[in-house]
Amino acid sequence: MWSISAQRHPARHLWSLLRIISYFAIVILFLAPVAGCSKGSKEAPKPPVVEVTTVIQKDVPVYREWIGTLDGMVNATIRAQVQGYLVKQNYRDGDVVKKGQVLFEIDPRTFQTALGQARGQLEAQQARWNTARANMVRIKPLADANAVSKKDLDDAIGAEQAARAAVHSAQASVDRAQLELGFTKIVSPVEGIAGLAKAQIGNLVGPGAMEELTTVSTVNPIKVYFQISEQEYIQTAQRSAASRGIRDGELILADGSIYPQKGYFAFADRQVDITTGTIKVAAIFPNPDNFLRPGQYGRVRIAVHVRKNALLVPQRAVSEVQGKYMAAVVGSDNRVEIRPVKTAERIDNLWVILEGLKPGERVIVEGIQKVRPGIPVMPTAFVEASSKPEAKTEAVPERKAEEKFQSPSKPADPAKTEKR
């Protein structure tokens, strides 16, 4: 029908097309300025939100740390002083033992026999001495009366002295046999913690054994050895005795916890190690509960001096760029200024700033990656993670995790119902 109508009335059909084209042109011209206005009316991007904190100024102690190794005050190596078979162990491995406590026992029968033999020899020599002494007593008045010769008197005196010397020798043999019998009971020379027994019951032990029986360490107090540089030693030694004093030290254990008892400097080694340029020093820490053990590692931290009026900022507020340290400062107009800073020691989670910042200025701690020099920002107060409410620090990540975990299951329910 349309094609027949178009063939019959071509002028009317052309006029209809022109009317349609004109209508669309008017609509386009009308909407063009509206679209331009909508684009121009878009809001400018909001300034990024950053967390800031003020530069604080106060006196702070400057600490130094060294890696240390714990060792007992006394480490007594227990060895057998006589040879024999081990028949008894009188302590449990790792027990706290007293001074003089019997740790091991060696079969004493051989030494009891030797003691009996020595005592018999002593009695025999004692009898000979008595006879010689009696002869000397009888001959002496006869010699004074010229009834016997002078030589007879000299022989009697010599026999008595020889018999007396033999008695002393026999007595020494008895003492030695008695001492060796006593060595069959191996006692602890110190009070401390006894280590693992390295000899088993029935082993033949003696002075020639390569391995000790055990070791007893006195651990209250306990020593911590650490190495300091030659420069640190010189700086410490040049201070006067009054300024040095006895500095309390802290011991940071391997898990990062701080040992509650304070320690103090004990002594320094006699020489500097020429291969490392360091000198070995020791600090002593109380250990009443025997918690610390020899062989542990820890960090010894000592306050070496106090820095007056130090400027402090969180470590996260300082960024390292190509070997230089920078800080983002927010001015009074809330615009960002990137400044180079000179840093000093790190104290806990703070950094001492020597140059580049002033007290009271605001530095960006969180959101440094969002800013550029000169742009405006929306500063908010920085709150340490440890002081933030748990609901904000823990609940949010958990909720996100739950959403991520549960998100696939939400559309699954309707899908199952549709299949039904």
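Is Trp 351 buried or exposed? Trp 351 is buried, with a relative accessible area of 6%; buried means under 20%, exposed over 50%, partly exposed in between (1.4 Å probe, protein chains only).

The model is predicted: local features need pLDDT of at least 70, side-chain atom pairs count only at pLDDT 80 or more, and totals for chains, interfaces and linings use all residues. Residues are numbered from 1 along each chain as its sequence is written, and side-chain values use heavy atoms, with hydrogens and water left out.

The chain has 8 helices and 19 strands (DSSP runs numbered from the N terminus; helices are H or I, at least four residues, strands E, at least two). Of its 420 residues, 27% are buried.

The whole structure holds 5 aromatic pairs. Rings of Phe, Tyr and Trp (its six-membered ring) pair if their centres lie within 6.5 Å; planes under 30 degrees apart are stacked, over 60 edge-to-face, the rest tilted. Two of the pairs are tabulated here.

| Pair | Centre to centre | Plane angle | Class |
|---|---|---|---|
| Trp 66 and Phe 226 | 5.4 Å | 25 degrees | stacked |
| Tyr 325 and Trp 351 | 5.2 Å | 65 degrees | edge-to-face |

Trp 66 in strand β2 and Phe 226 in strand β9 are 160 residues apart. Trp 66 is buried at 12% relative accessibility. Phe 226 is buried at 5%.

Tyr 325 lies in strand β15 and Trp 351 in strand β17, so their pair ties together parts 26 residues apart in sequence. Tyr 325 is partly exposed at 24%.

Trp 351 also has a charge over its ring: the charged end of Arg 346 sits 4.1 Å from the ring centre. The criterion is NZ of Lys or CZ of Arg within 6 Å of the centre and within 35 degrees of the ring normal. Arg 133 lies over the face of Trp 129, 4.5 Å from the ring centre.
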